[in-house]
Amino acid sequence: MIKVNRQGEVWVFAEQHDGKLEDISIEILGRAGELASKLGVKVAAAVLGENVAESAEKLIHFGADNIYLAEHPLLGYYQTCSYAKILCEMINKYQPQIVLYGASPVGRDLAPRVASAAKAGLTADCTDLQIGDHEDKKSGQIHKNLLLQIRPAFGGNIIATIINYDRWPQMATVREGVMPMPLPNVGRKGKIIRHPVHLTHSDLPLEILREHKREKKVNLKTSRIIVAGGAGLGSRENFRLVWDLANCLGAAPGATRAAVDLGFIDRDHQIGQTGTTVRPSLYVAVGISGAIQHQAGMNASQKIIAVNSDPTAPIFNIAHYKIVGDLNVVVPMMIKAIKERA
Amino acid sequence: MAYNCVVLIKQVPDTKRITGEAMNADGTVNRAALPAIFNPEDLNALELAIQIKEKFGGTVTAITMGLPAAAKILRESLYRGADDAILLTDKRAAASDTLATSYILSCAIKKLKYDILLCGRQAIDGDTAQVGPQTAEKLGIPQITYVEQLIELNNQTIIVRRNTGAGWQEVKAQLPVLLTVMDDANEPRVGNAKRLMKYKDVLAPAEITPDSGIDIKELEKKGLLIKQWSLDDIGADLNWCGRDGSPTKVHRIQSVVLTAKESKTVEPNQAGITNMIHELIIDKTIS
Ligand SMILES: Cc1cc2nc3c(=O)[nH]c(=O)nc-3n(C[C@H](O)[C@H](O)[C@H](O)COP(=O)(O)OP(=O)(O)OC[C@H]3O[C@@H](n4cnc5c(N)ncnc54)[C@H](O)[C@@H]3O)c2cc1C
Ligand SMILES: Nc1ncnc2c1ncn2[C@@H]1O[C@H](COP(=O)(O)O)[C@@H](O)[C@H]1O
């Protein structure tokens with residue numbers, strides 16, 4: 001357990017696999033830098049692995065002032081216990097005031113283990129992070145400059161802001177795709193602080209026998225335009241309309257959970273609370289009602305076109321272009337208009 | 001080789017069916033206003049435990065921390081195949097966050113014999129997926145998260161397949177171990193009619209009011225009393241329980257209202273749509 005300290009840095013756990021840094025860590029680093037400058041402290045990244053010097057360099061370019069580096073062959077593969085042990089040692093030694101993790105499968109496996117060992121608070125799956133004050137209603141005491149950990153709760157029906165003020169570090173996992181990627185600056189300089197690693201085989205209680213990596217069928221996060229279809233398409237055959245419109249826009253095809261569950265398209269395409277979070281320049285929602293869990297994954301899109309035959313569909317509350325009509329008529333008209341453009 | 005499985009189960013509000021009104025002013029949930037259900041992935045954890053018992057022998061104990069009403073999911077566990085059920089209920093445990101919850105659960109689990117602990121991957125009220133890993137840490141045992149298949153269990157060694165998000169891994173561990181189980185792992189069975197008849201009158205002491213005319217001793221003799229433990233019974237240190245034991249606090253709750261800044265209604269005809277596409281080309285949204 002570490003004490004409340006106002007000089008502590010803002011840290012990001014930098015997730016890497018085979019020496020390749022995950023995008024989510026860079027996204028968070030961007031926001032961590034903003035939080036740190038509000039607090040007037042440094043921003044740092046904790047990097048654990050084998051042969052990860054390159055990742056360390058990259059993190060400096062993306063904004064890290066300090067890198068806490070633990071390099072060891074036994075850290076080559078992610079394992080909960082070994083990573084938690086080293087990260088806890090680092091936290092105890094350097095006393096950061098904030099530690100952020102990606103809400104990736106690894107982040108969500110590691111962070112609770114670290115939080116439990118450090119007896120610290122942890123908020124899962126944040127969609128926003130800010131610095132702000134909190135008044136304790138009972139004592140009237142005001143806690144200044146806390147990490148406001150903002151996340152949807154109750155199936156997306158509410159947005160809760162969580163804080164912790166009496167036990168540090170303040171920790172959160174952050175959803176992928178909700179924070180914009182910062183731009184790199186290759187001239188940036190930072191400091192690398194090496195952390196000695198002492199691990200034994202008892203720190204690695206799991207044996208990884210086999211591993212299978214699946215290529216993602218679609219990269220929704222980097223697509224500038226997304227055409228997403230919902231249950232309103234009616235069948236897998238009719239979902240072709242979404243593919244066709246996406247093809248002529250150079251867009252990635254997305255879907256609601258209902259469309260995925262109905263077998264219209266593969267789960268890799270699911271957008272929303274339990275799918276991918278996206279923020280494209282243009283989002284075309286076809287036959288999608290706009291349930292709160294779907295909106296959670298796409299409402300940061302710059303422009304939204306909604307096609308739905310039901311004028312009361314909630315998707316229209318967030319659409320910039322509202323087309324009330326039958327998608328079987330409207331989508332072919334859109335394809336025609338795009339193909340005929342000058 | 002028989003295995004003792006302990007399954008952590010939680011009663012949760014059915015978040016699929018709530019509207020914004022179910023929140024109290026202080027940001028906590030008005031659970032009374034919502035239908036309470038067995039957390040879906042905890043059913044997958046229970047199913048896996050029952051399958052282990054059927055194949056290898058041993059016992060299945062379901063344990064939940066919650067209000068007296070949570071005894072309902074313990075009864076459901078007995079209908080499905082659990083041998084024993086424990087209700088952890090204590091007013092001083094209220095407002096526990098995941099850290100305090102895992103501390104309390106770990107104190108209770110320390111009183112039990114276990115080889116395999118099973119949790120759902122996450123609970124649908126908070127979607128945190130934290131209680132499992134935190135409980136494992138408190139007990140000093142390894143965790144295997146996102147389990148989608150049991151491959152082998154042999155002589156205190158377990159092999160499972162876990163979902164890594166980008167594919168899968170097969171991992172091996174020595175027992176004891178904690179697993180968090182995904183919904184893909186199995187199809188949970190429904191209660192069995194014979195077991196339902198056997199356990200339908202099971203109650204937890206906290207559910208029995210003095211004027212109900214039910215004799216607790218009598219129930220216990222018939223094996224129809226759910227074990228009920230307080231924080232004192234499990235020797236929990238109150239500093240780590242409830243509100244005081246919870247580092248995270250609610251700062252603010254907002255209901256979700258999302259609206260676009262400007263919006264245009266487009267006529268669903270070719271002229272309207274062509275116009276819209278033109279606009280998007282001009283402002284360079286479409287290239
Ligand atoms: C815990 C939880 C997590 C969830 N996570 C996600 C998630 O990540 N992503 C997600 O998308 N959902 C998620 N959901 C499900 C979500 O609540 C909705 O059920 C789902 O988004 C609905 O999908 P839909 O809009 O395709 O289907 P529907 O709600 O059935 O909507 C279909 C729409 O199509 C319209 N339509 C029908 N025919 C036509 C036509 N011919 N022309 C034009 N319009 C037509 C209808 O008017 C209707 O509005 C989650 C739910 C829960 C409880
Ligand atoms: N109060 C509780 N009692 C028993 N088990 C719980 C409780 N809270 C959480 N769990 C277990 O921990 C898992 C993850 O919960 P959560 O961290 O809330 O998403 C659940 O699926 C349950 O198996």
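Two strands pair if DSSP finds at least two bridges between them. Helices (H or I, at least four residues) and strands (E, at least two) are DSSP runs, numbered from the N terminus. Keep both ideas at hand for the views below.

This is a predicted model, in which local features need pLDDT of at least 70 and side-chain atom pairs count only at pLDDT 80 or more, while totals for chains, interfaces and linings use all residues. Residues are numbered from 1 along each chain as its sequence is written, chains are lettered from A and ligands numbered from 1 in the order in which they are written, and side-chain values use heavy atoms, with hydrogens and water left out.

**View 1. Strand β4 of chain A and its two partners.**
β4(A) and strand β5 (residues 66-71) of chain A pair in the parallel sense over six bridges. Here you can find A46(A) opposite Y68(A) of β5(A). Strand β1 (residues 10-14) of chain A also pairs with β4(A) in the parallel sense, over five bridges, and V12(A) stands opposite A45(A). Follow the chain from β4(A) through helix α2 (residues 53-61) to β5(A), and you trace a right-handed β-α-β unit. Right-handed means that, with the strands pointing away from the viewer, the path from the first strand over the helix to the second runs clockwise.

**View 2. The two faces of β4(A).**
In a regular strand the side chains alternate between the two faces of the sheet. Are the faces of β4(A) buried or exposed? V43(A), A45(A), V47(A) and G49(A) on one side are buried, and so are A44(A), A46(A) and L48(A) on the other. For the strand as a whole (residues 43-49), that is seven of seven residues. Buried means under 20% relative accessible area, exposed over 50%, and partly exposed in between (1.4 Å probe, protein chains only).

**View 3. Ligand 1, between two chains.**
Ligand 1 lies between chains A and B. Its shell holds 26 residues, and the closest include A231(A), T256(A) and Q293(A); a residue is near if one of its heavy atoms lies within 4 Å. Now look for the polar contacts (pairs of N or O atoms within 3.5 Å). A backbone N or O atom of I271(A) is 2.8 Å from a nitrogen atom of the ligand, and a side-chain N or O atom of D326(A) is 2.9 Å from a nitrogen atom of ligand 1. The protein covers 78% of the 990 Å² of accessible area that ligand 1 has on its own (Shrake-Rupley method, 1.4 Å probe). Helices α6 (257-261), α7 (292-295) and α8 (327-339) of chain A each supply at least two residues of the shell.

**View 4. Ligand 2 and its chain B neighbours.**
Which residues are closest to ligand 2? They are L8(B), D42(B), A123(B), T128(B) and A129(B), in a shell of 18 residues.

**View 5. Chain B as the setting.**
Step back and you can pick out seven helices and 13 strands in chain B. Of its 287 residues, 53% count as buried.

How values were computed:
A polar contact is a pair of N or O atoms within 3.5 Å; within protein, one must be able to donate a hydrogen and the other to accept it, and residues adjacent in sequence count only if both atoms are side-chain atoms.
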